[in-house]
Amino acid sequence: MPLTNLNELFKDAYKNGYAIGCFNVDTLKMCQEVLLESEKNHSPVILSFSEGSREFMHPGNIKDLLLNISKDITIPFVLHLDHGRSIESVKSCIDEGFTSVMIDASKYPLEENIRITKEIVEYAHARNVTVEAELGSVEIKDKNESNFYTDPYQAVDFIKKTGIDSLVVSIGTGHGLMKFKENETPTLRLDILRKIDELLPGFPLVLHGSSSIDENALNEFNKYGGTIKKAKGIDVKLINEAVKINVCKVNIGTDFRMAYITGLRKALTENSDKFTPRTFLVEANKKIRECVGYKENFEFFSANRIK
Ligand code: G3H
Ligand code: ZN
């Protein structure tokens, strides 16, 4: 069945050294475009809902809606909760039919993170749902803070105590537009990945904050009325280095969202006498398909992995 959890997908990704793209969607139409593009690219894909986007879309119905629009889809895809902040919210996604969840208790002290995560793992695994958790914190802006980077020994202990299926590591990326300071040379702490891989070979890791925010994309965003002055994303060459070790899932939110808004603004600007909504939405959807296709076709990504 195309709608699946991440167990088998991670095994294949780790074994063959590639990463699966995880895209932050907000609407059913976005899901449809991502699925169609991934089908074209013979690529597995992860549809990722934040708690906010789930609320926007219609909690309780998302799995059924997806099953309805994916009748012709043959590639495996995953319905995933991104950054689940509470036990209640994560459990309600599992009850609804999400096939993968992230419990993000990374802001709590270690023992509390373990307790919360373990409770979710027990609930999820009994229902065939895979669980991602975080140690270290991608959301901290200051890399000098003591709990920014993931400690590899602590990570392995955390994985063993909680029974999670994948771990989000903090190795230098960050959410949003400014992943690095203006004068900072972008680097990733690959040594952390290597150490975890040495201690726990075969275990899949997840990289959040992986948008590249290319100059061209930023210029096009601003050309049609955007006002983002500064951005510093992460080069895909660096991501590839992480994928070659043990990163199997790469989270893309900012690039995907910017692509959508660029398309929307472009259509609004160029069709100021029109008022049929789809005139504008078609352009926005085209842009996110381009974004997904571009990412999936990078070397060490997921295009043509489904035979
Ligand atoms: O959970 C979502 C991602 O970590 C978003 O990262 O801002 O680099 O796209 P991004
Ligand atoms: Zn994230």
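Is Phe 148 buried or exposed? Select Phe 148 to begin: at 1% relative accessibility, the residue counts as buried (buried means under 20% relative accessible area, exposed over 50%, and partly exposed in between, with a 1.4 Å probe and protein chains only).

Before we move on, a word on the model. It is a predicted one, where local features need pLDDT of at least 70 and side-chain atom pairs count only at pLDDT 80 or more, while totals for chains, interfaces and linings use all residues. Residues are numbered from 1 along each chain as its sequence is written, chains are lettered from A and ligands numbered from 1 in the order in which they are written, and side-chain values use heavy atoms, with hydrogens and water left out.

**Stop 1: aromatic rings**

A pair of aromatic rings is described by the distance of the centres and the angle of the planes. For Phe 148 and Tyr 149 these are 4.8 Å centre to centre and 90 degrees between the planes, an edge-to-face pair. The rule is that rings of Phe, Tyr and Trp (its six-membered ring) pair if their centres lie within 6.5 Å; planes under 30 degrees apart count as stacked, over 60 as edge-to-face and the rest as tilted. By this rule there are five aromatic pairs. Next, select Tyr 294, Phe 298 and Phe 301, which form one aromatic cluster.

**Stop 2: the zinc ion**

Select ligand 2, the zinc ion, together with His 83, His 175 and His 208. Their atoms NE2, NE2 and ND1, in that order, are the protein donors and lie 2.1 Å from the zinc ion (donors are N, O and S atoms within 2.8 Å of the metal, or 3.2 Å for Na, K and Ca; water is not among the atoms, so sites may look incomplete). In sequence, the donor residues follow the spacing H-x91-H-x32-H. His 83 lies in strand 3 (residues 77-84) and His 208 in the loop between strand 7 (205-207) and helix 9 (215-223), so this pair ties together parts that are 125 residues apart in sequence. Helices (H or I, at least four residues) and strands (E, at least two) are DSSP runs, numbered from the N terminus.

Both of these histidines can be checked for accessibility: His 83 counts as buried at 9%, and His 208 counts as buried at 1%.

**Stop 3: two backbone angles**

Most residues other than glycine have a negative phi. Stay on His 83, whose phi is positive, near 50 degrees. Then go to Ile 213, in the loop between strand 7 and helix 9. Phi of Ile 213 is also positive, near 45 degrees, and the residue is buried, with a relative accessible area of 7%.

**Stop 4: a pair of helices**

Select residues 254-270 (helix 11) and 277-296 (helix 12): their axes come within 7 Å and cross at roughly 145 degrees. Axes are lines fitted to C-alpha atoms, for helices over the stretch in contact, and angles run from 0 to 180 degrees between N-to-C directions. Residues in contact (heavy atoms within 4.5 Å) include Phe 256, Tyr 260 and Leu 264 in helix 11, and Phe 280, Ile 288 and Val 292 in helix 12.

While in helix 12, pick out Lys 286. At 43% relative accessibility, Lys 286 counts as partly exposed. To finish, select Ala 124 as well: Lys 286 and Ala 124 are 162 residues apart in sequence and 35 Å apart in space, C-alpha to C-alpha.
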